[in-house]
Amino acid sequence: MNLAIRDILYHKWRFIQTSFGLGLLIAVVMSMGGIYRGLIADATVALNSTGADLWVVQKGTVGPFAEASRLPEDAKYRIAEVPGIAQASGLSFQNIQITRYTKPLRFFLVGYELDGFGGPPIIIAGRNINQSHYEMVVDKSMKMQLGETIRLGLSDYTVVGITKGMVSVSGDPYAYVSLADAQDIQFKDDNNAIRNNRARIADRISKVSILSPAQISQLAPLVTEIAGSTHIVNTVAAKLAPGTDIKEVQETIQRWNHYQAISTSEQEKILTAGMIQKSKMQLSLFRSILLIISAVIITLIIYTMTMEKIRVIATLKLIGSPNKVVAGLVLQQSLLIGTIAYTIGYVIISLTYDKFPRRVELIPFDLAALFVIVMVICVFSSLLGIRKAMRVDSSQALGG
Amino acid sequence: MLDYAIQTKNLTKVYGKGHTEVTALSDATLNVSPGELVAVIGPSGSGKTTMLTTIGLINEPTSGNVVIDGMAVANDGWIPGLDMKRIRREKLGFIFQAYNLIPFLSAIENVMVSLSLNGINGKIARKRATELLDKLMLERVKDNYPSELSGGEAQRVAIARALANRPKVILADEPTAALDTANGKNVMDLLKKLAMENNSAIMVVTHDSRMIEGFDRTYEIHDGRIVK
């Protein structure tokens with residue numbers, strides 16, 4: 001006969017209410033772990049979905065995700081010729097905020113070469129981009145409809161496909177356009193700005209005394225064209241041929257092409273150790289505080305339950321119950337509270353994790369580790385109750 | 001010595017030390033035979049409960065001897081090496097003024113818990129508990145919780161629990177104090193009947209003069225001393 005279970009069954013509603021409250025707390029702890037894992041997943045989603053081995057960026061930067069990086073689009077041709085490189089493709093990234101239905105809509109716009117790689121890894125509705133202009137694929141979390149049109153830069157873009165699970169480290173969903181469109185959106189000036197630039201450049205060149213008027217008239221449009229070029233990318237992503245030593249390729253690119261070549265594993269470290277380190281510390285701190293609060297609550301519950309059973313414990317001792325039976329009663333109740341609260345927490349978070357505004361990733365290892373931690377907390381939390389129970393004098397059973 | 005279920009000689013219990021010293025029991029000598037029903041009476045603070053807890057192996061005596069069912073348990077203090085809880089489980093049964101049933105166990109489970117502490121579990125425990133409850137006319141309420149029992153029923157369940165392990169000694173602390181006269185008499189009659197069947201000695205601490213006439217012998221205590 002298990003006294004702990006009998007007591008719990010007898011006081012089941014009170015017990016369920018207590019466990020539910022504690023379960024909510026544990027659900028928050030679980031969600032924090034899931035949010036942290038979600039941050040890592042979001043941070044690395046572009047790396048993993050692209051399938052690139054190497055990210056070539058502006059020298060002296062750790063772009064394109066952690067820092068700004070700009071390099072000419074034609075750098076990809078030089079990169080592609082480096083021994084060991086199987087494929088190179090230019091990519092551009094930018095954060096965009098527009099107003100949609102009077103509400104701000106933020107997203108992370110990726111420009112990719114339609115015959116390269118780095119586009120949406122999966123299409124759940126519609127199709128991928130197959131025209132080089134004015135089509136886009138958006139993440140499901142943007143809640144846009146197929147066929148919907150939005151204005152970006154100087155042009156309108158139509159949603160032709162929906163992808164999912166593509167969210168940036170800052171929580172913004174991904175949207176994809178062709179690289180040419182992305183360059184236009186990011187770098188192309190409107191007509192007034194072009195006219196102003198043209199006039200400014202012509203004025204500056206006309207003041208160069210060594211140039212003849214004929215030279216000036218030919219040079220001005222050329223400089224204007226170069227200055228207004230949109231053929232810029234944020235990174236050239238590269239895939240290696242099988243069996244290639246990535247270190248050698250990195251050295252070659254850095255020595256001869258004067259760019260920074262960052263491997264995908266290095267990018268992961270930059271993103272996880274750098275960009276989300278503070279968030280990780282913050283979440284860890286919250287989790288620790290919540291676990292301490294849980295421990296205090298379990299301790300108080302178990303102690304109160306023990307205090308309510310002083311006469312029962314005294315009677316059990318009086319009729320010859322060994323200490324282990326009494327200690328077991330307290331310990332088992334603590335473990336049961338923890339187990340039931342954990343189960344409630346797990347059910348709550350399982351039903352709600354996909355409703356969170358940011359990605360919550362529930363990893364079996366994290367859940368198992370949390371269960372062990374909760375059990376350890378329960379054991380330690382029961383010690384105060386067990387101590388009280390051990391000190392109960394069996395003579396307290398006597399009297400009216 | 002072996003003929004007695006309870007035997008005490010010059011049993012003394014002193015609480016405190018120095019100027020706070022109180023002698024709760026002084027040179028108490030008594031013998032109770034198996035199957036005998038003995039009452040210990042006296043006013044409040046006379047030492048009745050101290051005698052019960054000392055014989056019940058709860059309070060260690062300051063001096064004197066205690067023998068339970070032929071086993072010496074105290075000789076100027078507990079005899080070293082004895083497992084008092086085990087002796088309590090196997091040789092003693094307790095009945096309390098407030099019944100002290102475990103509130104979250106049904107009547108039959110309250111009886112079974114006593115058996116389970118002695119390693120008797122499952123069907124055997126249930127069968128024995130059922131038999132006892134039947135004898136105490138509690139078959140209808142055996143699955144009720146203590147809160148669903150009347151005072152008389154609760155005390156009869158407590159008697160069943162005390163008798164479950166067929167102890168040689170039953171110690172009862174004011175068992176009828178919370179019952180009306182009819183219920184009190186009924187409880188005492190049943191207790192006596194079942195104890196006789198089991199050849200158990202019963203020591204009842206009471207100040208309930210209504211119940212004294214049913215006892216084989218009565219010890220009267222005043223200021224810690226047996227005066228009659």
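1. Start at the boundary between the two chains of this predicted model. Across the interface of chain A and chain B, 10 residue pairs are in polar contact, both partners at pLDDT 80 or more. Helix 10 of chain A gives the most, with six residues.

2. Now look for charge. The rule finds one salt bridge across the interface of chain A and chain B. The side chains of Arg6(A) and Glu109(B) meet in a salt bridge, at 2.6 Å from N to O.

3. How much area do chain A and chain B bury between them? The figure is about 2,300 Å², with 69% of it on carbon and sulfur atoms. In chain A, the residues that lose the most area to chain B are Met1(A), Tyr10(A) and Ile319(A). Together they account for 29% of what that side buries. By contact, 25 residues of chain A meet 24 residues of chain B.

4. The largest nonpolar core has 93 residues. Tyr174(A), Ile6(B) and Ile55(B) have the most contacts inside it. Helix 2 (residues 12–50) of chain A gives the most to this core, with 13 residues. Domain 1 (3–42 + 277–397) and domain 2 (60–187 + 231–257) of chain A each supply at least three residues to this core. A second, separate core of 39 residues includes Leu101(B), Ile108(B), Met112(B) and Val157(B).

5. Finally, pick out Tyr174(A). Beyond its neighbours within four places in sequence, Tyr174(A) is in contact with residues including Val45(A), Phe65(A), Phe108(A), Met142(A) and Asp139(A).

Terms used. Residues are numbered from 1 along each chain as its sequence is written. Chains are lettered from A and ligands numbered from 1 in the order in which they are written. This is a predicted model: local features need pLDDT of at least 70, side-chain atom pairs count only at pLDDT 80 or more; totals for chains, interfaces and linings use all residues. Side-chain values use heavy atoms; hydrogens and water are left out. A nonpolar core is a set of buried Ala, Val, Leu, Ile, Met, Phe, Trp, Tyr and Cys residues joined through side-chain atoms within 4.5 Å. Buried means under 20% relative accessible area, exposed over 50%, partly exposed in between (1.4 Å probe, protein chains only). Helices (H or I, at least four residues) and strands (E, at least two) are DSSP runs, numbered from the N terminus. Domain bounds come from an automatic or database domain assignment. Contact means heavy atoms within 4.5 Å. Buried area is the accessible area (1.4 Å probe) that two parts lose on being put together, summed over both. A salt bridge is a side-chain nitrogen of Lys or Arg within 4 Å of a carboxyl oxygen of Asp or Glu. A polar contact is a pair of N or O atoms within 3.5 Å; within protein, one must be able to donate a hydrogen and the other to accept it, and residues adjacent in sequence count only if both atoms are side-chain atoms.
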